[in-house]
Every structure is written in C-alpha cells, then in structure tokens.
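Subject: The structure I promised you

Hi,

Here is the structure we talked about. Have a look at it first, then read my notes below.

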Amino acid sequence: MAKLFLGLDSSTQSLSAVVIDLDANKVVYEKSLNFDTALPQFKTKNGVLPGRDPLVKHSPPLMWAAALDLMFATMKKDKVALGKIVAISGCGQQHGSVYLNEKAVEVLAVLDPKKSLVENLDGVLARKTSPIWMDSSTAKECAEIRKKLGGIKFTASRTGSDTFERFTGPQIRKFYKTEQKSYEKTLHIALVSSFMASLLAGKIAPIDFGDGAGTNLMDIRKKNWNHDAIKATAPSLINKLPPLMDAGSVIGPVSPYFVQKYGINPEALATVWTGDNPASVIGLGLVKSGQVAISLGTSDTFFGTMQKCLTDENGEGHVFGSPAGDYMTLICFKNGSLAREKIRDHYKIADWKKFGALVESTPPGNGEKILVPWFEAEIVPRVNKPGIHRFDLDEKDVAANCRAIFEAQMVSMRLHSQWMQVVPEKILVTGGAASNPQLLQVMADVMNCPVQRIEVSKSAALGSALVAAHGWLAATGKSPKWEKIVAGFTKPVPGSEVKPDKKTTKIYDKLVEKYAGCELDALDAP
Ligand code: XUL
C-alpha cells in the first residue's frame with residue numbers, strides 16, 4: 001500500500017498542503033487556501049487584521065484553526081486518500097505567537113468532531129490575536145533584552161540572532177508589560193507552528209529547533225531554552241514554554257477528531273512542525289553543510305546550511321536550527337527585485353532582455369565602477385536611511401549602471417555571508433529573477449561556483465511533507481538518510497547550470513574589498 005505523507009504550511013496569507021508518495025517520488029496533491037477569500041468572516045487583509053498603528057500587525061489564531069478544518073474538508077472532497085497518510089508535519093510563518101489559558105490542555109485532549117475547531121477552542125485563548133512577523137512595534141523591548149544580554153554580538157552568539165522586533169521574545173515582553181493580567185492567565189505560549197501541531201496532536205506540541213531559534217529565547221548551540229534570555233524577557237516565562245525537539249519528532253497519533261471527521265488513518269503520526277524558512281530549506285533539498293540557495297524575489301534571500309554554529313557578530317543574519325540536524329542561515333537583502341526594477345525604469349529600459357544585453361556589453365568587474373543601491377531602507381547591512389551611492393560611476397553611463405546593480409547585489413551577498421565561513425559548492429536559485437541569465441552569470445562569477453535553477457512550487461509545504469517522511473522512517477526504525485529522502489523531489493531544472501568564468505575570480509576578489517569600503521563610506525554619508 002502506498003504510504004502518503006502530508007505537509008502543511010500555515011503562512012501569512014494562506015494554508016497550503018502537499019501530499020507526497022515517498023516510494024514513487026511523487027507529489028500526489030497540492031492545494032492552497034487563501035485566508036482573505038476562503039475565510040472572509042475573520043476580516044483579514046492579506047492574512048492580517050487591519051489596525052490603526054502601522055507598526056502593529058496581528059492575525060486571528062482561530063482563523064488558522066478554521067483553515068485547518070477547511071483544508072481537511074477540501075482534501076476529503078477532492079478524494080485525497082486520507083486513510084493512507086502515515087505521518088503529518090508542517091510549518092508556520094516564523095515568530096508569530098499564540099497565547100493559551102488553563103483550559104487548553106483539556107480542550108485539546110477531547111476535540112469534539114461534531115463541532116468545528118473554532119467552536120472547540122472557544123474560551124482557550126488568553127490573547128485573542130497573535131502578533132506576527134510583520135509586527136515592528138517592539139523596538140523598546142528589543143533594546144531592553146539586548147542590553148541585558150550584553151549587546152548585539154552576545155545576543156546573536158547566544159540566541160542565533162540579535163533581537164528583532166518580529167521575534168517572539170520581544171513580542172512576549174511587550175505583552176507582559178502592556179497586558180500583565182492576560183500574560184499571567186497565559187499558561188502556554190505556542191508559535192504558529194506549534195499551535196497548529198497541537199491541534200493535530202490533541203495536546204500541547206513541542207517547538208522545534210528551527211522555529212525555536214526565531215524567538216530570541218533558545219540557546220542556539222545547546223538547543224535548549226536560554227535562562228538569561230528568558231529572564232530578560234518576562235517572569236515565569238519558562239513555565240509557559242513547551243519543550244524543544246527536532247522537527248518531525250513524533251508527538252503521538254493524530255487526534256481522533258481528524259479520524260472521525262475526515263477519515264484520516266487512525267495510525268497517522270502527528271509530528272513536530274517547524275518554521276516556513278527551515279521547511280523551505282528541506283523543500284529545496286539543502287540537507288548537507290555548505291549547500292546554498294538564493295531566492296531572487298521582492299527581496300533577495302540567502303539560505304545556507306552550516307555544520308558548525310557560527311553567528312553574525314553584526315547581528316544582521318540569522319541562524320536557525322535546520323530540520324536536517326545542523327544549522328541554517330537566513331540573510332535577507334531588502335533591495336532585491338525592487339532595486340533591479342528601479343534601475344530598469346530609471347533608464348527606461350523596455351525589458352530584461354535589453355537590460356541583459358547592456359550588462360553583457362560591459363566587462364565583469366565593471367572597471368571597478370560601483371553602485372550602492374539602497375532604494376529602500378536595507379536590512380543587510382542595517383540602513384535606516386535609503387540612498388543611492390555611486391563610486392567612480394557616472395549616472396549617465398546606462399550600461400555600467402545596469403551591470404553595477406547586479407554586481408552590487410551579488411558582491412554584497414558574498415560580503416555579508418562571509419561570517420558563515422562556508423564555501424558554497426553549488427548554488428540553487430529560485431524566484432522571478434532566476435530566469436535572468438546575466439544575473440546568474442554574475443552570481444556564479446562573484447560566488448565562484450556553479451549556479452543551477454530550481455523550480456519548486458510550495459517549497460515550505462513540500463519540505464514539511466519530507467520532514468514528516470523522515471520522522472516516520474526514524475520512528476519506525478528505518479535509519480533514514482536525508483539526501484535520499486529529498487533526492488526525488490528537489491531536482492534542479494535540467495540544462496540550467498551556469499558555470500563561473502575562472503578568469504573573473506580575481507577581479508571579483510578585488511571588487512569585494514573595494515565594495516566593502518564603498519559601503520562603509522555610504523553608511524557614513526550624511
Ligand atoms: C523570517 C521571517 C519571515 C516569515 C515569513 O525571519 O520573518 O520569512 O517566516 O513567513
């Protein structure tokens with residue numbers, strides 16, 4: 001009998017499901033439910049509740065529970081063989097938190113299939129809404145925690161990241177400071193991931209080392225809750241947090257609620273969920289140290305894997321636990337497609353083909369003409385004030401400006417991922433701009449390694465299905481190998497490899513140094 005694994009992704013705007021048949025290396029079902037349109041009663045816009053303060057971004061946790069019901073109902077209607085699912089895992093948007101009171105344990109244990117999940121959860125929330133990763137209202141709390149932990153470098157080396165407004169610890173501190181009574185009534189704090197896993201397991205679920213690292217509360221090296229960070233955040237917090245475990249660890253059989261209501265296999269295992277980024281790392285097939293993927297989207301994101309835990313002393317990049325056992329990094333550059341498009345539009349270049357031809361008309365290294373393109377406030381490096389800075393580069397030189405934006409972005413990625421001390425053997429690239437051959441050539445040359453395109457739809461939900469498969473194989477004594485599990489699902493696009501041109505390596509080694517200096521000048525610019 002085919003064994004199926006279900007992976008779910010509870011993201012900001014939607015809940016997605018991917019069902020895989022592991023032995024056949026096949027995705028057998030994919031579905032996404034958009035919160036705004038599928039569940040309009042929660043009145044969200046892009047999955048977020050409207051509010052007056054632009055810094056505050058909350059979502060209703062009951063909407064995520066309603067989406068889980070709806071997803072199972074949809075899978076049943078679509079005749080997915082739910083009786084053949086042997087394990088379920090999932091992932092959630094990172095950092096978001098759910099606050100449960102003293103009724104939660106009892107209610108989860110006896111979820112009534114005659115009612116909806118929302119009806120079952122009536123009265124168990126100690127806080128009606130959940131702050132999510134888009135919230136940036138905790139600058140004060142970040143500063144307070146960072147100070148108690150000894151500054152940026154120490155905060156990052158202990159917890160994997162400097163304190164960030166969206167991270168769960170600063171969010172919990174703000175809740176404690178502003179709504180002390182409700183904080184006291186909170187017996188369990190869950191992340192989006194562990195909240196969803198708790199519904200499936202019918203009990204409070206552990207948090208995994210990937211999502212745990214997104215809280216500023218986990219010791220990134222020891223992979224346990226860090227007492228100093230917990231103390232710096234809020235009183236009695238340790239009693240409100242679940243244990244930490246590997247993603248895919250078995251919590252128990254799926255709650256009878258889903259068996260009776262939707263006909264899921266009663267022996268299906270509910271396993272520990274992770275964050276959407278750690279799940280994507282698996283969904284892209286990055287399971288060995290040194291593997292790197294770059295997503296070229298609105299912002300450009302650099303995902304890397306590391307065996308040894310090194311942290312960014314500037315506190316710009318993040319280190320999370322990887323579901324594959326080691327560590328992963330996430331470095332987010334805000335001026336991605338956005339900056340590329342600004343240059344294209346500034347010079348009125350009709351399309352990317354013409355843009356590419358202009359890039360090709362200039363030499364690699366651009367004769368050391370440099371652009372520092374902070375059209376928007378930048379995350380890496382930290383730049384609060386947008387600004388475009390040109391060094392030895394004439395604004396009127398259209399072709400040189402086109403090459404300069406590509407080189408600036410790739411050189412900046414190389415520069416700001418150096419703290420990982422990982423020499424990539426190969427880079428997998430995804431996202432809209434991955435179809436731009438000149439950009440991929442600059443990437444291969446600057447990083448000095450081959451680049452291949454990968455097109456995975458729903459990488460986070462797929463990664464979760466693969467985590468479920470790994471968890472089930474481990475639980476049934478099969479000593480699973482990650483590389484084998486991901487191999488059939490994460491193949492690069494055939495013929496898409498772009499090789500580095502060895503002649504350019506030295507040029508870029510020099511350019512990185514010059515760019516680093518220009519960046520410092522730009523940071524100092526009035
Ligand atoms: C990562 C982050 C976002 C969310 C999106 O630190 O905040 O990528 O995980 O869902």
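How far from an oxygen atom of the ligand does a polar side-chain atom of Asp-276 lie? The distance is 2.4 Å.

Before the rest, some ground rules. This is a predicted model, in which local features need pLDDT of at least 70 and side-chain atom pairs count only at pLDDT 80 or more, while totals for chains, interfaces and linings use all residues. Residues are numbered from 1 along each chain as its sequence is written, and side-chain values use heavy atoms, with hydrogens and water left out.

**The ligand**

Back to the ligand. Taken alone, the ligand exposes 290 Å², and the protein buries 87% of that (areas by the Shrake-Rupley method with a 1.4 Å probe; for residues, only the protein chains shown count as cover).

The residues around the ligand (one heavy atom within 4 Å of it) are Gln-93, Gln-94, His-95, Trp-133, Arg-166, Asp-276 and Asn-277. By class, that shell has 1 nonpolar, 4 polar and 2 charged residues. For the classes, Ala, Val, Leu, Ile, Met, Phe, Trp, Tyr, Cys and Pro are nonpolar, Asp, Glu, Lys and Arg are charged, and the others, Gly among them, are polar.

**Helix H13**

Asp-276 also belongs to helix H13, residues 276–283, where 7 of the 8 residues are buried. Buried means under 20% relative accessible area, exposed over 50%, and partly exposed in between (1.4 Å probe, protein chains only). Helices (H or I, at least four residues) and strands (E, at least two) are DSSP runs, numbered from the N terminus. Asp-276 is one of the buried residues in H13, and Pro-278 and Val-281 are also among them. Just after H13, Gly-285 has a positive phi of about 85°.

**Aromatic pairs**

Rings of Phe, Tyr and Trp (its six-membered ring) pair if their centres lie within 6.5 Å; planes under 30 degrees apart are stacked, over 60 edge-to-face and the rest tilted. The count comes to 11 aromatic pairs. One of them joins Phe-72 and Phe-258, a tilted pair at 5.0 Å centre to centre with 50° between the planes. Phe-72 is in helix H2 (residues 61–77) and Phe-258 in helix H12 (residues 256–262), so this pair ties together parts 186 residues apart in sequence. Phe-72 is buried at 0% relative accessibility, and Phe-258 is buried at 0% too. Ring pairs also bring in Tyr-257 and Tyr-262, giving a cluster with Phe-72 and Phe-258.

Leaving aside neighbours within four places in sequence, Leu-70 is in contact (heavy atoms within 4.5 Å) with Leu-33, Ala-38 and Leu-39.

Is Thr-138 buried or exposed? Thr-138 is buried, at 0% relative accessibility. You can find Thr-138 in the loop between strand E7 (130–131) and helix H5 (139–149).

Enjoy exploring!

Definitions and conventions: A polar contact is a pair of N or O atoms within 3.5 Å; within protein, one must be able to donate a hydrogen and the other to accept it, and residues adjacent in sequence count only if both atoms are side-chain atoms.
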